[in-house]
Amino acid sequence: MPVQYPLHPHIVLLSNITQFSPMLYLTGFPGLETIEHWIFIFFFFMYLVAISGNCFILIIIKTNPRLHTPMYYLLSFLAFTDLGLSVSTLPTTMGIFWFKSHGIYFGACQIQMLCIHSFSFIESSVLLVMSFDRFVAICYPLRYSIIITGQRVVRAGLVVILRGPIATVPIVFLLKTFPYCGSRVLSHSFCLHQEVIHLACTDTTFNNLYGLILVMFTVVLDLVLIALSYGVILHTVARLASKEERLRAFQTCTSHLCAVLVFFVPMVGLSLIHRFGKHAPLAVHLFMANVYLFVPPMLNPIIYSIKTKEIRHAISKFLGLRKANTES
């Protein structure tokens, strides 16, 4: 069940006429309306870092021929996915905190839901493919250029990009066929399937089972395979002769490992809260959902800029050229 909290008078009015209205009502942070302008600044900063950072990563890889390798193609897919995830939540979140616009048409809610869940599944898949890339690079370094080619990475990327929407479309558009009665107030500033489905006053067993199976065979399976990849990587690294070799080999995985933790830890936390923390305070639900959607797109470009030597050099070169052009 979605978290319940006292409703404002205009929300109660909306709840009484929901059977005649195609609108849903999104919320920000109930009880914190007096400091919403500060919340807006915080979210604006996160969006600025996420969108500009991921765009910058894409530009750096596009303009630097030395980065036209399978590893950086995968990083491009990750940056594109993070960019899509940020843009998916931008209209409603900024609309609430800047324009005080809480209403959203059901069709627009479905589109946002489709984008959020699709990009989440895509990011999970991209991280899995990246773990396979690191697995081959460390465990089979002499065969890396044969196994991991640019053409294979592009094909894998297309499969990954298509997997998310194809898997998500059925349960999202099936929501349109359900009758809804009572309150149509959602707990977040964006639409999530696990919230909207609980507003339907009919049997939603298919959607619930499909959603559970979908998560098990996408996110959970991806996480298990990533863990197995790192298990083999750790075993291989432990067999290297010197401490320096072990450290150098594992350092090639640190950026990806940080991205995995940043993405999967909040996702697992949000899932646990939704299933086992129904009586937890509303603030806990809101915090986990916002961390899950906003933190990975913001942190990933920072992680790769700091941890990846080639990206740091490319950024320094890019900024140096920009500075030289400005001075001239």
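This is a predicted model: local features need pLDDT of at least 70, side-chain atom pairs count only at pLDDT 80 or more; totals for chains, interfaces and linings use all residues.
Is the crossing of helix 3 and helix 6 left-handed or right-handed? Residues are numbered from 1 along each chain as its sequence is written, and side-chain values rest on heavy atoms, with hydrogens and water left out.

The crossing of helix 3 and helix 6 is right-handed, a crossing being right-handed if the near helix is turned clockwise from the far one by less than a right angle, and left-handed if anticlockwise. Helix 3 packs against helix 6 (residues 150-174) at an angle of about 20 degrees, with the axes 9 Å apart; helices here are DSSP runs of H or I with at least four residues, numbered from the N terminus, and axes are lines fitted to C-alpha atoms over the stretch in contact, with angles running from 0 to 180 degrees between N-to-C directions. Helix 3 is therefore roughly parallel to helix 6, a term for angles under 35 degrees, while angles over 145 degrees count as roughly antiparallel.

Helix 3 (residues 70-99) also packs against helix 4 (residues 106-139), at an angle of about 160 degrees and with the axes 9 Å apart, so that these two helices are roughly antiparallel. The crossing of helix 3 and helix 4 is left-handed, and the residues of their contact divide into 15 nonpolar, 7 polar and 4 charged; Ala, Val, Leu, Ile, Met, Phe, Trp, Tyr, Cys and Pro count as nonpolar, Asp, Glu, Lys and Arg as charged, and the others, Gly among them, as polar. The axes of helix 4 and helix 8 (residues 205-238) come within 9 Å and cross at roughly 20 degrees, and these helices are therefore roughly parallel to each other. Helix 4 passes helix 8 in a left-handed crossing.

The unreviewed UniProt entry annotates several stretches as "transmembrane region", among them residues 209-233 and 282-303; such annotations may be inferred rather than shown by experiment. Over residues 209-233 the chain is 100% helix and 0% strand (strands being DSSP runs of E with at least two residues), and the end C-alpha atoms of this stretch are 35 Å apart. Residues 282-303 are likewise 100% helix and 0% strand, with end C-alpha atoms 30 Å apart.

How values were computed:
Angles under 35 degrees count as roughly parallel, over 145 as roughly antiparallel, 65 to 115 as roughly perpendicular and the rest as oblique.
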